[in-house]
Amino acid sequence: MIIGIGGISRAGKGTLADLIAARYLSEGCTVGLVHQDTYIVDTVKIPKVRNILDWECPESLDFDAFRKAIESSAAKADIVLAEGLMCFYDKVINRMFDARFLIEITWTTFLRRKRNDYRWGAKPDPYWYLDHIWESYYKYGLPDRDMPFVRLSGDTYFDMGYVMSILSAEKKIN
């Protein structure tokens with residue numbers, strides 16, 4: 001089974017992937033984790049916004065490499081968890097998913113978490129850039145309305161009983 005997990009920056013995509021992986025590993029399944037952040041293109045190819053690299057646009061990611069990593073992981077593992085900001089952007093990748101989770105957080109939660117996020121370095125003007133991240137997510141990060149997905153709140157702890165019941169039902173269908 002291939003599971004896609006999307007959501008805005010700092011929503012909890014990696015956390016949910018780790019929690020699901022732990023559950024399946026405890027059941028004896030093999031699990032592959034594919035993090036979209038690993039497939040960033042060379043920075044010279046990333047467009048700029050206000051003279052700062054625009055990590056929030058599709059041009060910043062190598063979707064072909066991301067897809068190949070998912071396929072490679074699926075050939076070796078029972079369960080594959082693919083997560084990322086634009087996890088649902090590429091239609092070919094999106095169709096690979098047997099289950100899709102969209103993690104949503106409020107603007108307040110996003111601001112609080114993002115202001116403490118220095119993984120990519122500090123931003124000179126955090127307010128306009130935070131607005132840019134939020135707007136880009138709604139432009140590029142949401143799943144197609146044609147594809148089924150489950151919305152989860154990332155503002156609180158994940159209800160793993162609920163998450164696993166959805167995945168159990170999905171596993172029976174596939």
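This report walks through a predicted model, from a central strand to a core and a chain of charged residues.

**Strand E6 and its partners**

Strand E6 covers residues 99-104. Five of its six residues are buried, so E6 is largely enclosed by the rest of the structure. Strand E1, residues 2-7, pairs with E6. The two run in the parallel sense, over five bridges. Within this pairing, Ile-3 stands opposite Ala-99 of E6. Strand E7, residues 150-153, also pairs with E6 in the parallel sense, over four bridges. Here Glu-104 has Ser-153 in E7 as its bridge partner. In a regular strand, side chains alternate between the two faces of the sheet.

**The nonpolar core**

Nonpolar side chains tend to be buried together in soluble globular proteins. How many residues make up the largest nonpolar core here? It has 58. Ile-3, Leu-16, Ile-20, Ile-70, Phe-101 and Leu-167 touch the most other members. Helix H5, residues 126-140, gives this core its largest share, seven residues.

Take Leu-16 as an example. Leaving aside neighbours within four places in sequence, Leu-16 is in contact with Ile-5, Phe-101, Ile-103, Leu-152, Phe-158, Met-160 and Val-163.

**A buried glutamate**

Where does Glu-56 lie? Glu-56 sits in the loop between strand E4 (52-53) and helix H2 (63-76). Is Glu-56 buried or exposed? Its relative accessible area is 7%, and the cut-off for buried is under 20%, so Glu-56 counts as buried.

The structure holds five salt bridges. Among them are these:

| Salt bridge | N to O distance |
|---|---|
| Asp-64 and Arg-67 | 2.3 Å |
| Lys-68 and Asp-64 | 3.1 Å |
| Glu-71 and Arg-67 | 3.0 Å |

Salt bridges that share partners join Asp-64, Arg-67, Lys-68 and Glu-71 into one network. Spacing along helix H2 is worth a look. Asp-64 and Arg-67 both lie in H2, three residues apart, about one turn of the helix. Lys-68 and Asp-64 are four residues apart in H2, so about one helical turn separates them. Glu-71 and Arg-67 are also four residues apart in H2, so they too are separated by about one helical turn.

How accessible are these residues? Asp-64 is partly exposed, with a relative accessible area of 38%. Lys-68 counts as partly exposed at 46% relative accessibility. Glu-71 counts as partly exposed at 37%.

Notes:
Residues numbered from 1 in each chain as written. Predicted model: local features only at pLDDT ≥ 70, side-chain atom pairs only at ≥ 80, totals over all residues. Heavy atoms only, no water. Buried < 20%, exposed > 50% of the residue type's maximum accessible area, 1.4 Å probe, protein only. Pairing = 2+ DSSP bridges. Core = buried A, V, L, I, M, F, W, Y, C linked by side-chain atoms within 4.5 Å. Contact = heavy atoms within 4.5 Å. Salt bridge = Lys/Arg side-chain N within 4 Å of Asp/Glu carboxyl O.
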